[in-house]
Amino acid sequence: MKRSKCTLIPLLAAFALLTGCASQDKQLTAQPPPASSGNTATPVSPDQNGSKADMEVLQQLQVTVSQAKEARDVTAFLDEHLKQVDAKTADQMFLALESFYASHVSVVNDHFRNLLQQPGVTDKLYALDYPYDFSKIQNDDKLKQWLQTQTAGKLTLMATPDMSLYWQVDYPALQAAYGTFLSNDLKEYLAIQATEGNKAYTGEGGLQISREDLGKRLMTAENYLTVYPAGLKKSQIQTLYTDYLKAYLSDYRYDAIDESTMKLLPTVKKNYQSFVKTRPDSKTADIVTAYVSLLQENQDVIYEFGQKGVSIIGDPKPNIAQFWDSLPGRVNHEFQAKK
């Protein structure tokens, strides 16, 4: 399987070498996906003011969800009925699907873990190129069918640097299939999640996108929180926004610090200043401005020097650490989060 970053070729090859050497330290495994941004179960609750037809669809969906063994059972129902209902009902249907995912994805990963232990499974996966076309699996219809069932349920196979595979919700696929039928609220939410699905902002110990691009994602999330202060996905997007902000202002793992002075590199500070200049009226700019002022007070020094023989970089300066720790509270204040 060929892929630029998370590819299964080295993972599967390494697995074969490790198991051949009888090592138990690192094996190709399945794991649950990273924690989602606050997704919680949302039961289907028919709107008594909706049309009779829409109420009947929601009632049918309730039955489908309660009986579903695979996500495909629920997505097939949405594929058939979502275009027939109004946007409010479509929103409820989509939320019901997300609710189903909340518990189902871990079940899928548990089953996948067992599949990986079966003889020949890793070889069959190894034979595939990216994008993963499971229909090309040879001489194992049962495995092929199971993998295709997951993708039909709008799940996608992911890989981590430590040779763990896992399934997670395929938000780009959900956006493509259902985005046009939802309210603007959930359209915006799906767009944000699809962007993350196409390219996660962090991973492998640091930022996976530029700080400039992360700033754009911050503004997209802020726009959702501003336009939809009581949005259906406010909690999830506020959590993601807070995570973005923490990474934007504190992820200095590789290329942001001059280790000879422990100062923030001028290019990073200029990025902050440019952000404020181009988005002066944003809530995020207010937070970044406060941080830039703190940098000025510190003469751009971020960290103490590390202990010799232990670490080059030490702890963050006390006022910097305090600012970083204050970010969730600042976000709550800016967006008046409900307790």
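Mentor: This is a predicted model. In the contact of α11 with α12, K269, Y272, Q273, F275 and V276 of α11 meet T284, A285, V288, T289, Y291, V292, L295 and Q296 of α12.

Trainee: How many of the residues in the contact of α11 with α12 are nonpolar?

Mentor: The α11 side contributes residues including Y272, F275 and V276, and the α12 side residues including V288 and L295. Of the residues in this contact, 1 is charged and 4 are polar. The number of nonpolar residues is 8.

Trainee: At roughly what angle do the axes of α11 and α12 cross?

Mentor: Helix α11 covers residues 266-278 and helix α12 covers residues 283-297. Their axes come within 9 Å of each other, and the crossing is left-handed. The angle is roughly 140°.

Trainee: How many salt bridges does a search of the whole structure find?

Mentor: Side chains of opposite charge can pair when their charged atoms come close. The criterion here is a side-chain nitrogen of Lys or Arg within 4 Å of a carboxyl oxygen of Asp or Glu. Searching the whole structure on that basis gives a total of 8.

Trainee: Which residue forms a salt bridge with E98?

Mentor: E98 sits in helix α4 (residues 87-116), and its partner is in the loop between α9 and α10, 135 residues apart from it. Both residues of the pair are buried. The closest N and O atoms are 2.4 Å apart, and the partner is K233.

Trainee: Why does the salt bridge of E196 with R217 tie together parts that are apart in sequence, and how many residues apart are they?

Mentor: The closest N and O atoms of E196 and R217 are 2.5 Å apart. E196 lies in helix α8 (residues 184-198) whereas R217 lies in helix α9, so the pair ties together two parts of the chain. Their separation in sequence is 21 residues.

Trainee: Is R217 buried or exposed?

Mentor: The cut-off for buried is under 20% relative accessible area. R217 has 12% relative accessibility, so R217 counts as buried.

Trainee: Which helix holds both K216 and D213?

Mentor: The side chains of K216 and D213 meet in a salt bridge at 3.9 Å, N to O. K216 is partly exposed at 43% relative accessible area, and D213 is partly exposed at 33%. The two residues are 3 apart, about one turn of the helix, and that helix is α9.

Definitions and conventions: Residues are numbered from 1 along each chain as its sequence is written. This is a predicted model: local features need pLDDT of at least 70, side-chain atom pairs count only at pLDDT 80 or more; totals for chains, interfaces and linings use all residues. Side-chain values use heavy atoms; hydrogens and water are left out. Axes are lines fitted to C-alpha atoms, for helices over the stretch in contact, and angles run from 0 to 180 degrees between N-to-C directions. Helices (H or I, at least four residues) and strands (E, at least two) are DSSP runs, numbered from the N terminus. A crossing is left-handed if the near helix is turned anticlockwise from the far one by less than a right angle, and right-handed if clockwise. Contact means heavy atoms within 4.5 Å. Ala, Val, Leu, Ile, Met, Phe, Trp, Tyr, Cys and Pro count as nonpolar, Asp, Glu, Lys and Arg as charged, and the others, Gly among them, as polar. Buried means under 20% relative accessible area, exposed over 50%, partly exposed in between (1.4 Å probe, protein chains only).
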